[in-house]
Amino acid sequence: MKIQLLQRKEINDNQWNACLLKGINALVYSHTDYLDFLTDANWMGLVAGNYEAVFPLPLKKKFGFSYVVQPPFCAQLGAFGNPVLNNGERIFQQDFIARIPKYLLRKRIHLNPYFPIGKDLLEAIGKNGVKQNLVLDLSKGYQINKDGAKNIARLDEKGIYYQTNTISPAEIIHFYKNQWGNLNPSITEEWYDKLQKLCAQFKNMDNPTCEIVSAHGPNGDCLGGGIFFKTKVDRELSSTKTEAFHYIHKGFIHYVCGAANIGHPDSKGVMHGVLDYVLRKHLGQNVVFDFEGSSIESVAAFYQKFNPISEPYFFFKSGI
């Protein structure tokens, strides 16, 4: 099996992104532009075959040594593309991990659950390396619980309405910092600035793309909103599971950042409406909505109101 390590300048962006968007797990986090903005283009890539599967390695340097990191606003990485190569050979996430250069002494990677992971790697990761994520398969619809439905009914009675791409990502980020920033001290102003640049880049793209969804009161005041990144699988997929590791969804929606304008008296419960608006907009489509989980207990409890399913991912940790 040919897996080569490429420096950032050696990677063919068109081939890498085509691999992502034609693969089984078209998560936006592995797109070259997404990685470039988050890491200041400080990443390398492992490439299987002729860009049949890829594995990004975001890097950081300390005391003169480079190591692999998981950046903020980048929930899952690992392998992307097709786990069955053109020659019929199957490839697993651990095949890539085995090719990570030994001089990268420290490795911290969130491995997505869609690309196959072999038994040996799962055993090495252990129970402590299994992380919670919540998703909705919108092809099957969804049902919000009674408390959430009451909140949405109250918003409707107030005349709250929703818009797409009418406010700047900076406003959403401002709301997020006010509501949740103290619970995420590791996310510095530098990371928020990178997220703003990411949004600006992807709003002008078709696939992937970024949408800013906002809630407004009858007088037009912004009451809150969210930042969503969307990808579409760029290939025809069978409606049946005819091959190993086949994944039939046509796209993903990632809820990357969002919050209410907590300084406004009419903002209570408004994020129920924002998420419900996005979910209903895509209801019945062959799309996975990714809440990106949450380590904040109150946020996780809020997501549970939408009756998502648990789809754990894996934290690979190696080195000092």
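The legends below accompany an overall view and several close-up views of one predicted model.

Residues are numbered from 1 along each chain as its sequence is written, and side-chain values use heavy atoms, with hydrogens and water left out. Because this is a predicted model, local features need pLDDT of at least 70 and side-chain atom pairs count only at pLDDT 80 or more, whereas totals for chains, interfaces and linings use all residues.

View 1. Helices (H or I, at least four residues) and strands (E, at least two) are DSSP runs, numbered from the N terminus. The C-alpha trace spans about 60 × 50 × 40 Å along its principal axes. For 320 residues a compact globule would have a radius of gyration near 20 Å, and the chain agrees with this because its own value is 20 Å; the radius is taken over C-alpha atoms, and the globule rule is 2.2 Å times the number of residues to the power 0.38. Buried residues make up 55% of the 320 residues, where buried means under 20% relative accessible area, exposed over 50%, and partly exposed in between (1.4 Å probe, protein chains only). Among contacts (heavy atoms within 4.5 Å) between residues at least 6 apart in sequence, 76% join residues at least 24 apart.

**View 2. Strand S6, residues 107-111, and its partner S15.** Since 5 of the 5 residues of S6 are buried, this strand is largely enclosed by the rest of the structure. In a regular strand the side chains alternate between the two faces of the sheet. In S6 both faces are covered, with Lys 107, Ile 109 and Leu 111 buried on one side and Arg 108 and His 110 buried on the other. Strand S15 (residues 313-318) runs antiparallel to S6 and is joined to it by 5 bridges, and within S15 the bridge partner of Lys 107 is Ser 318.

**View 3. Leu 77 in the loop between strands S4 (65-68) and S5 (80-81).** Leu 77 counts as buried because its relative accessibility is 0%. Leaving aside neighbours within four places in sequence, the residues in contact with Leu 77 include Tyr 29, Leu 35, Pro 56 and Gln 70, and also Ile 109, His 110 and Leu 111, which belong to strand S6. Leu 138, by contrast, is 61 residues away along the chain, and its C-alpha atom is separated from that of Leu 77 by 23 Å.

**View 4. An open sheet of 7 strands with mixed pairing.** The order is S9-S10-S11-S12-S13-S8-S14, and two strands pair if DSSP finds at least two bridges between them. Strands S9 (161-164) and S14 (309-310) stand at the edges, each with a single partner strand, so one side of each is left without a neighbour in the sheet. S9 is joined to S10 (residues 209-216) by 4 bridges in an antiparallel arrangement, in which Thr 164 has Val 213 of S10 as its bridge partner.
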